[in-house]
Amino acid sequence: MSVFPEQGMVRAEQQAADTPPERGSFQSLAARELPRLYRLARRMVGEDAEDAVQDALAKAYRAHASLADDIAAPAWLTAILVNCCRDRARAKERRVQETELDEADDFSLYRTIAAEDPFPYSDSLHLDFLHQFGREDVRAVLAQLPELYRLPLVLCYCEGYQVKEVADLLAVPLGTVLARLHRGRKLFERTLWDYAEKYGLLKENASR
C-alpha cells in the first residue's frame, strides 16, 4: 500500500466523498508533511508505518474543513497520526511486561560499559560503544520497547517536542509523561546493551 498523495489519497477521497474538503489544498498539505509523518510513524510503529500514515491522512481528509488555521496544520496532522499509531500498537501489544521494567530500573548503561570494558584500548569507551549503532540499529531497539514508553521517547528525543506538548498529544497528565520518559530511558538503555550483545557490537574493532 502506498502513502504517496497521488496514489494513497484515492482511498481517502473515496471514504470522504460525502463531504469533500478543498482537494487541492489538502493534497498540497499532505505532500508537504508526508516525509515527516512517515519518518515519525516508522519510529513509532515500524513496518506498519505506511498503513498508519494512510489511516491518518484519511481521517485528516475528512476533517480538513474544520481546520481553522493552516499554521496549526502540522501539529494537527501529528496529533492524528499519533492516535492512529497508538491504535495500531494497542492491537499488537495488550499489556506491558512489568518484570522487564523492574529489571531495567536497576540497570545503568554507563556503569555496565565501564565494568564490561568492551573496547579495552579505547580512550573514549562510551562514545565508541554508541558509535557502533547505526540508524537502523536504533530504530530496531526502539521497536522492541512497549508502545507506552516508546511514543514519549520518540516524540521528545527524536521529534523535538516539549514534554508539555507530548502530554497534550497523548492526552495524559504531565507527570505521567515524565514517569514514562524516565522508565522508557532505562528500558532503552537495557535494550540497547542487550542488542549490542546479541549482534556482536561489543567485539573489539567492531565497525558498522
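The entries below begin with the conventions and then turn to the chain.

I worked with a predicted model, in which local features need pLDDT of at least 70, side-chain atom pairs count only at pLDDT 80 or more, and totals for chains, interfaces and linings use all residues. Residues are numbered from 1 along each chain as its sequence is written, and side-chain values use heavy atoms, with hydrogens and water left out.

Fold. I found 11 helices and 0 strands in the protein chain; helices (H or I, at least four residues) and strands (E, at least two) are DSSP runs numbered from the N terminus. Of the 208 residues, 44% count as buried, that is, under 20% relative accessible area, with exposed over 50% and partly exposed in between (1.4 Å probe, protein chains only).

Helix α10. In residues 163-170, I noted V166, A167, L169 and L170 as buried. They cover an arc of only 165 degrees around the axis, which puts them on the same side of α10; the arc is taken from the directions from the helix axis to the C-beta atoms. Just after α10, A171 has a positive phi of about 60 degrees.

Salt bridges. I counted 9, each a side-chain nitrogen of Lys or Arg within 4 Å of a carboxyl oxygen of Asp or Glu. R36 and E33 pair at 2.7 Å, N to O, and both are buried. A salt-bridge network links R32, E33 and R36. R86 and E147 pair at 3.9 Å, N to O. R86 lies in helix α4 and E147 in helix α9, so this pair ties together parts 61 residues apart in sequence.
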